[in-house]
Amino acid sequence: MDVTDPTMQEMAEIGKAYNLDQFTIMDCMEPDHLPKYDEINEVHFLIVRFFAHDFHKRVVTIQDVSNKIAIFYNGNFIITIHKPKVAFLETIQRKFVATDTCTTPAQVVTKILWYTLNSYDDPAQRLSEQIDFHENNIMVRKTTVDQLESLYYIKRQASVSHKVITLMAEPINHVNAVEKDDIALQDVLDEHLKIQTLYTQVYEDVNNLMNLYLSFTAQRTNDVMKVLTIFSVFFMPLTFISGIYGMNFKFMPELEHHSGYPLALLLMVATTLTLYFWMKRKRWL
């Protein structure tokens, strides 16, 4: 049975018909519930979250990235409950249930877990492509003001998706413990490891790229400050000299000297050259 956006009354009727625990029914009606596993009255209860994010929206929470599917099953039935339409559930029905490839509820659950994990695959590849694009721009110094913000939201999506996938380990491992002879479960475990590794790599790459961006920004700021400091160092002694001979004291012998002006200019030139060669020697220029 596949139930889309049920009311609480409808779920109460389903729970009564299949002897479902009322607390698990409350959990399955909560749209923001995280992945979990329970077994009550010989009925297995799972909550999984599949990727369902609009890339035009900014990622803030787990609910922005994923949607929930609640699953009740035992040896005789399987019930899936979700709010929006889930395309891969129809695929499972058509490819595996209708063709008798999956003959038990546990096998159907295994397929649901695999498709749930697989929904995170393409988004991870897309995030990797975005990171490559930003990395190229940063390395060739084609940075923009909003680039750091874009990197932050890539990091946020990778972090949130990684948390969901990590939490998915609980239902996956419990199903594996119950149905340990099912070879398809090994594919689920492999897919879980693969997706977890992909998002770990994306998170580390974007984190390193953000640090690189900040380093380049700091380097550009240092270059500007270096130029300004050099100008200050050259003009400071010149300002000092001109300040002294610009004072309006009556008794300043140099002011009466007929070569005072060219000597002051010569002193300024000598001071500038001395500073220049000293900085060259220190390799500051």
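Tutor: Terms, then: helices (H or I, at least four residues) and strands (E, at least two) are DSSP runs, numbered from the N terminus. Note that this is a predicted model.

Student: Fine. Where is Glu42, then?

Tutor: Glu42 sits in the loop between strand S2 (36–40) and strand S3 (43–51).

Student: And is Glu42 buried or exposed?

Tutor: Exposed, because its relative accessibility is 67%.

Student: What about phi of Glu42?

Tutor: Phi of Glu42 is near 60°, a positive value in a residue other than glycine. Most residues other than glycine have a negative phi.

Student: Which loop holds Asp5?

Tutor: The loop between strand S1 (2–4) and helix H1 (8–18). Asp5 is not a glycine either, and has a positive phi of about 50°. Asp5 is partly exposed, with a relative accessible area of 44%.

Student: Switching to the whole chain. How many helices and strands?

Tutor: The protein chain has 11 helices and 5 strands. Its radius of gyration is 34 Å, well over the 19 Å that the globule rule gives for 285 residues, so the chain is more spread out than a compact globule.

Student: What box do the C-alpha atoms fill?

Tutor: Roughly 115 × 35 × 30 Å, taken along the principal axes.

Student: How much of the chain is buried?

Tutor: Buried residues are 37% of the 285. As for contacts between residues at least 6 apart in sequence, 65% of them join residues at least 24 apart.

Student: Now the packing. How do H6 and H9 pack?

Tutor: Helix H6 (residues 121–139) and helix H9 (residues 183–245) pack at an angle of about 20°, and their axes are 10 Å apart. The two are therefore roughly parallel to each other. Their crossing is left-handed.

Student: Which residues make that contact?

Tutor: On H6 they include Ala124, Leu127, Ile131 and Ile138, and on H9 they include Leu198, Tyr199, Val202 and Phe216. By class, the contact has 15 nonpolar, 3 polar and 5 charged residues.

Student: Take Ala124. Buried or exposed?

Tutor: Ala124 counts as buried because its relative accessibility is 1%. Leaving aside neighbours within four places in sequence, Ala124 is in contact with Leu198, Tyr199 and Val202.

Student: Last one: what does Ser161 touch?

Tutor: Not counting residues up to four places away in sequence, Ser161 touches Phe51, Val65, Tyr120 and Tyr199. Ser161 is in helix H7 and counts as buried, at 0% relative accessibility. Its C-alpha atom is 9.7 Å from that of Phe50, which is 111 residues away along the chain.

Key: Residues are numbered from 1 along each chain as its sequence is written. This is a predicted model: local features need pLDDT of at least 70, side-chain atom pairs count only at pLDDT 80 or more; totals for chains, interfaces and linings use all residues. Side-chain values use heavy atoms; hydrogens and water are left out. Axes are lines fitted to C-alpha atoms, for helices over the stretch in contact, and angles run from 0 to 180 degrees between N-to-C directions. Angles under 35 degrees count as roughly parallel, over 145 as roughly antiparallel, 65 to 115 as roughly perpendicular and the rest as oblique. A crossing is left-handed if the near helix is turned anticlockwise from the far one by less than a right angle, and right-handed if clockwise. Contact means heavy atoms within 4.5 Å. Ala, Val, Leu, Ile, Met, Phe, Trp, Tyr, Cys and Pro count as nonpolar, Asp, Glu, Lys and Arg as charged, and the others, Gly among them, as polar. The radius of gyration is taken over C-alpha atoms; the globule rule is 2.2 Å times the number of residues to the power 0.38. Buried means under 20% relative accessible area, exposed over 50%, partly exposed in between (1.4 Å probe, protein chains only).
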